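Here's a quick tour for anyone meeting this structure for the first time. Have a look at the picture, then read on.

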Amino acid sequence: MLPLLTFASGLIAGIVGVRLVKSVTAPSGPRAAATARLGTIGDKAQTGLRQATVSGLTVIEKSSANLRAKLTPVPPAPAQDPTPDEPEAQVAEEAEASEETAPPAEAPASPEASRETP
């Protein structure tokens, strides 16, 4: 029971202390000026810390993007023509020669000729 009484008395003392601090007005002496100065220094420190954090996160983001690009597999290059050394004129001559030696295509038979007469 003793720890419970200690806790309750500490809680009541804390509530009374917070109410007293809130009700007391801030003095307008040198101590108030020092407190205001510390507030601006704290704001500057917070701004500097925020900028350093953003800068660090940007560097991490860029380095992870670079590593991701390095680790991504590169697709194979498309297959090229197996004979790129032949001149185009020689290829054209071969095409003409193959057309000349090809047998002429037969005309399709008329549908009436393919019918059998009874």
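## Helix α1, end to end

In this predicted model, helix α1 covers residues 2-23, which makes 22 residues in total. From its first C-alpha to its last it reaches 32 Å, close to the 32 Å you'd expect at 1.5 Å a residue.

How many of the 22 residues of α1 are buried? The number is zero, so the helix lies largely in the open.

## A nonpolar patch

Now look for Leu4, Phe7, Leu11 and Ile15: they make a nonpolar surface patch of about 430 Å². An α-helix has 3.6 residues a turn, so residues three or four places apart point the same way.

Let's pick out one member of that patch, Phe7. Its place is in helix α1. Is Phe7 buried or exposed? It counts as exposed, because its relative accessibility is 57% and the cut-off for exposed is over 50%.

## Ser23 and its contact

Ser23 also belongs to helix α1. With a relative accessible area of 53%, Ser23 is exposed too. A polar atom of its side chain sits 3.0 Å from the backbone oxygen of Leu20.

## Stepping back

What does the protein as a whole look like? It has four helices and zero strands, and from the N terminus on its elements run α-α-α-α.

The accessible surface of the protein comes to about 11,400 Å². Carbon and sulfur atoms account for 64% of that surface.

Technical notes. Residues numbered from 1 in each chain as written. Predicted model: local features only at pLDDT ≥ 70, side-chain atom pairs only at ≥ 80, totals over all residues. Heavy atoms only, no water. Helix = DSSP H or I, 4+ residues; strand = E, 2+ residues; numbered from the N terminus. Expected span 1.5 Å × (residues − 1). Buried < 20%, exposed > 50% of the residue type's maximum accessible area, 1.4 Å probe, protein only. Patch = residues over 30% accessible without salt bridge, like charges linked within 9 Å, V, L, I, M, F, W, Y side chains within 5 Å. Areas by Shrake-Rupley, 256 points an atom, 1.4 Å probe, with all protein chains shown as cover. Salt bridge = Lys/Arg side-chain N within 4 Å of Asp/Glu carboxyl O. Polar contact = N/O pair within 3.5 Å; in protein donor to acceptor, adjacent residues only side chain to side chain.
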